[in-house]
Amino acid sequence: MPSVASRAPSGRHVDSRSSHTVLIFFGTRKRPSRPDPSFKGRTTVIWSSWGAPGVFVLLLAWTAAGVTLRAAPQRRMNRLLALLLVLEGAHGAGAAGFAFMVVDPKWAQFFAVLAAVTQVALPLQYLVFLGEALRAPLARPLRSRAVVVALNTLTVAAAAFVLAAPDRFIGEVQPSTLGTWNFSWTPLGFRVIQIHSVAVSYTH
């Protein structure tokens with residue numbers, strides 16, 4: 001798991017396990033030109049104001065998911081809402097959170113893929129939740145068992161497709177002045193974002 005770098009008196013962030021140092025100037029991060037090979041499955045996490053919203057969404061959404069599930073775990077609507085909140089939190093952490101903070105580019109790539117996976121899953125799961133939460137004729141088809149099974153199957157298939165071919169949805173991780181790393185969405189990735197936005201607007 002990522003570990004947080006300690007703060008040196010000079011204002012520099014220094015990893016206690018190695019000589020790896022990241023300088024901070026007025027909120028921007030200067031990334032080392034070459035990742036430290038001593039990191040094996042671990043990385044330094046540096047606070048970035050650009051990544052703060054994603055971390056806040058993660059904490060808020062997962063806390064709300066726990067409260068929702070604890071309130072009435074036997075209710076299907078609560079379980080579906082908790083799942084949506086978990087996905088939204090993970091998406092926030094990946095799309096606008098830790099990718100700006102981790103030093104190792106492999107971790108940045110992990111969070112970029114996480115953003116893409118949750119991005120394709122969310123619109124489909126919003127429809128499943130809508131069928132349960134909205135007791136209106138318009139949402140009646142979404143309550144059909146066959147439709148629910150189809151939406152859940154599409155969710156798994158879409159997530160698997162992103163994992164198999166993430167480059168179809170996201171570009172390569174690049175150094176960024178906003179933080180340590182950043183990534184871009186491909187045209188297909190932007191299309192999924194648009195679908196997600198429509199689904200969210202429809203549920204509200």
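Analyst: A residue counts as buried when its relative accessible area is under 20%, as exposed when it is over 50%, and as partly exposed in between (1.4 Å probe, protein chains only). By that rule, 45% of the 204 residues of this chain count as buried. The model is predicted, so that local features need pLDDT of at least 70 and side-chain atom pairs count only at pLDDT 80 or more, while totals for chains, interfaces and linings use all residues. Residues are numbered from 1 along each chain as its sequence is written, and side-chain values use heavy atoms, with hydrogens and water left out.

User: What makes up the chain, read along the sequence?

Analyst: The chain has 5 helices and 8 strands, taken as DSSP runs numbered from the N terminus, with at least four residues (H or I) for a helix and at least two (E) for a strand. Along the sequence these elements follow the pattern β-β-β-β-β-β-α-α-α-α-β-β-α. Of the contacts with a separation of 6 or more, 62% are between residues 24 or more positions apart, where contact means heavy atoms within 4.5 Å. The accessible surface of the chain comes to about 11400 Å², and 66% of it belongs to carbon and sulfur atoms, by the Shrake-Rupley method with a 1.4 Å probe.

User: Why are H1 and H2 called roughly antiparallel?

Analyst: Helix H1 (residues 52-71) and H2 pack at an angle of about 165 degrees, with their axes 7 Å apart. The axes are lines fitted to C-alpha atoms over the stretch in contact, with angles running from 0 to 180 degrees between N-to-C directions. Angles under 35 degrees count as roughly parallel, over 145 as roughly antiparallel, 65 to 115 as roughly perpendicular and the rest as oblique; H1 and H2 are therefore roughly antiparallel to each other. The residues of H1 that meet H2 include Val57, Leu58, Ala61, Trp62 and Leu69, and among their partners in H2 are Leu81, Ala82, Leu85 and Val86.

User: In which sense does H1 pass H2, left-handed or right-handed?

Analyst: The crossing of H1 past H2 is left-handed; that word applies if the near helix is turned anticlockwise from the far one by less than a right angle, and right-handed applies if it is turned clockwise.

User: What makes Val67 count as exposed?

Analyst: Val67, found in helix H1, has a relative accessibility of 53%, and it therefore counts as exposed.

User: How do the axes of H2 and H3 cross?

Analyst: The axes of helix H2 (residues 76-96) and H3 come within 8 Å and cross at roughly 155 degrees, which makes H2 roughly antiparallel to H3. Here too the crossing is left-handed.

User: Why are H3 and H4 described as roughly antiparallel?

Analyst: The axes of H3 and helix H4 (residues 145-164) come within 9 Å and cross at roughly 170 degrees, and the two helices are therefore roughly antiparallel to each other. Among the H3 residues that meet H4 are Val113, Val120, Leu124 and Gln125, while the H4 side includes Leu151, Asn152, Leu154 and Thr155.

User: Why does Gln125 count as buried?

Analyst: Gln125 lies in helix H3 (residues 105-133), and because its relative accessibility is 7%, Gln125 counts as buried. A polar contact of 3.1 Å joins its side chain to that of Asn152; such a contact is a pair of N or O atoms within 3.5 Å, in which, within protein, one must be able to donate a hydrogen and the other to accept it, and residues adjacent in sequence count only if both atoms are side-chain atoms. Beyond its neighbours within four places in sequence, Gln125 is in contact with Leu83, Leu84, Leu87, Leu151, Asn152 and Thr155.

User: Why is Gln119 called buried?

Analyst: Gln119, also placed in helix H3, has a relative accessibility of 2% and therefore counts as buried. The side chains of Gln119 and His91 are joined by a polar contact of 3.1 Å. Leaving aside neighbours within four places, Gln119 is in contact with His91, Trp185, Val192, Ile193 and His196.

User: What makes Leu154 partly exposed?

Analyst: Leu154 belongs to helix H4, and its relative accessible area of 47% makes it partly exposed. Leu154 and Val120 are 34 residues apart in sequence and 9.6 Å apart in space, C-alpha to C-alpha.

User: How do you know that Asn182 is partly exposed?

Analyst: Asn182 sits in strand S8 (residues 181-182), and its relative accessible area is 23%, which is why it is called partly exposed.
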